[in-house]
Amino acid sequence: MTLHAPEKIIPELLAVDRRLLLFGESGTGKSTLAQILARNLKSSGRPCFCLSADPGSPAFGPPGSVCLAEWRQNRWQSIVFEALCTLDSGRFRLPLVSAVTRLGQYRLQGMLLVDAPGLVRGVVGAELLAALSEAAAVDTVLVLAHRENRVPLVNELETLPARVYRVQAADEARYPGSRKRTRLRTRLWDLYLEKAQEREIRPELRLLTGTPPPLDAGGDWQGRQIAFLKERRTLAMGEVVETRDQNLLIRISDIPDAYDQILVRDACRSRQNRLATAKPGRKSGLNYLPPSDISPYAGNGKKTGPHPLVKIGEATATLLNGIFGDPLLHVRLHNRRRSVLFDLGEGFRLTAHLAHQVTDVFISHCHMDHISGFLWLMRSRIGEFPACRLYGPPGLTDHITSLMRGILWDRVENWGPRFTVAELHDRKLITSRLQAGRTVEPEPETRSVSGGLILEDQDLKVRATTLDHAATPVLAYCLEQAPKLNIRTESLAAMNLSSGPWLGKLKQAVASGEPDRIIDLPGGGSASAGSLMENLVEVKQARKLTYATDLAGSPSNREKLVDLAAGSHLFFCEAAFTEEDRRQGEQSGHLTGRACGEIARESGAGQLVPFHFSRRYEKNPYLIYDEVRKYFPKLFPPDHADLEP
């Protein structure tokens, strides 16, 4: 394919009005060439239009859209645009092509330039080349490439029903880098929102299109790009500021009076205030089936209702026995191959290999439905396993010892399961070490506890508070994950540093609070962890989970639990009875749905998972869900079909 210099081919291109596709990698000067062509046409008194089909790096118009503009007063001036609400041309190429098709049907007198995305390789590039050429009915394709680079998709270009020219990219044309591209698109987006104001709406679920997060996933909505459409025509675009009880607070010039779609995809303002693509892993969604290695249906065949599964930070929390079964919350730390349990109800739904990864068990109290699973856990840990730590109220050690002594251990030798049992006595933690088959145990150890902090290690902190359950002391727990440390790859490249084991040492120094530790750098040299952290390490907020069950709705209990759960991202709280059956709750020391919702609201929790329902509501669990929702709407009740007994 002959290589043409731009200045030699421009006169031929401008001889007649064309529909011309500018095709090439990012950094080959497509947008610059479009401006050169437009200026030449304007100087001869001919109009020129451009269709910006790169939502992630547009030369004009709001990012996240396809925009049609005319060259006037030495710049592109927007005529109309269609919102995509994504910056990803590859993932959402069908909506992109559909938008180009509709805008390409405008009757234009003059030259039309189509500025294509910089995706020019593989299946995605081939599909976009063919689809955009057909969508805009182009008759000419300019392939921009640097002299030393091969022309991409040669075979596909030769099959197009259009004239194809290979044009030499300017020597100064270079890929701008992801940071510069992000800054440029953010500047365009801020310019579009310059006169916007904050307005609040309550969106109808049936109008949400694209890939919107659940309305109760507030963190996934913040900063999200949003568009209002009528008969597929874009009326306005805006940005979600926050969610308020399933209302959306939007920064937008004006919310149209009549619209039939609210389009949401993955364009989002990042924590660095840049317009970017929301990461799929950012969500913290709630489902009602456990992972494949946890069986919700094994065992005794009891119907225990839905089994909430929640992703929180780097962990997954699953109510193994459902909302009606014995309390047993499995929290799995995926990045550590570690699990912790809250309460020990029936455990047959958890496989042995996961039981081997359990390091800590936090028991609220020793009623049978909260501790009967200990026999399963003990059996699963026969062998050479480290001691599993158990935490609970006073008397836990005696109950565990009795359960262990109820088994004949004459053949276990030194493979007997080992446990460290810690009882919380006000501000003291009394710890005993037990091993099945041993008759003599070491003396208990006592240490002081401040602020209820019973466990702290590199992965998590756990606090506990003592509540009352009809004269029985019970513990509620709050687990806080360690902040996540991410390396900024862009900063790494800017500092001319390569990745390697030294980054792990840097993270370790930051996590352990050692800013003065000296880190050896690749290629020679060294620097303190504190100086490196400022540029290289992004610290993501710690995530908090609170677990509370079997407690009376007394003012003292409520005050303590609200204090413990303050600011929790996820709150597992019992809701045993409805307000109509409140006397049953008062007599047995359990919360009603109303009390559960009020406590969650007062604590400022992000999301609530009510559980431990009385079986009297098996045929209609929505009696409790609906009551809780009146006082705290940020919960995710399952569909009615999932609740059928």
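In what sense, parallel or antiparallel, do strand E4 (residues 65-72) and E5 pair, and over how many bridges? In this predicted model, the two strands run antiparallel to one another and are joined over 8 bridges. Within this part of the structure, Val-66 lies opposite Glu-82 in E5.

Strands E4 and E5 belong to an open sheet of 8 strands, whose order is E1-E8-E7-E2-E6-E3-E4-E5 and whose pairing is mixed. Strand E1 (3-4) and strand E5 (75-83) form the edges, each pairing on one side only. Helix H3 (residues 93-104) packs on this sheet, where H3 touches strand E2 (19-24), strand E3 (48-52), E4 and E5. The direction of H3 makes about 35° with that of E4.

A pair of helices may be considered next. The axes of helix H13 (residues 501-511) and helix H14 (residues 529-536) come within 10 Å and cross at roughly 100°. H13 and H14 are therefore roughly perpendicular to each other. On the H13 side, the contact is made by Trp-502, Leu-506, Ala-509 and Val-510, which meet Ala-529, Leu-532, Met-533 and Leu-536 of H14. Classified by residue type, this contact of H13 with H14 comprises 8 nonpolar residues, with no polar and no charged ones. An α-helix has 3.6 residues a turn, so residues three or four places apart point the same way.

How values were computed. Residues are numbered from 1 along each chain as its sequence is written. This is a predicted model: local features need pLDDT of at least 70, side-chain atom pairs count only at pLDDT 80 or more; totals for chains, interfaces and linings use all residues. Side-chain values use heavy atoms; hydrogens and water are left out. Axes are lines fitted to C-alpha atoms, for helices over the stretch in contact, and angles run from 0 to 180 degrees between N-to-C directions. Helices (H or I, at least four residues) and strands (E, at least two) are DSSP runs, numbered from the N terminus. Angles under 35 degrees count as roughly parallel, over 145 as roughly antiparallel, 65 to 115 as roughly perpendicular and the rest as oblique. Contact means heavy atoms within 4.5 Å. Ala, Val, Leu, Ile, Met, Phe, Trp, Tyr, Cys and Pro count as nonpolar, Asp, Glu, Lys and Arg as charged, and the others, Gly among them, as polar. Two strands pair if DSSP finds at least two bridges between them.
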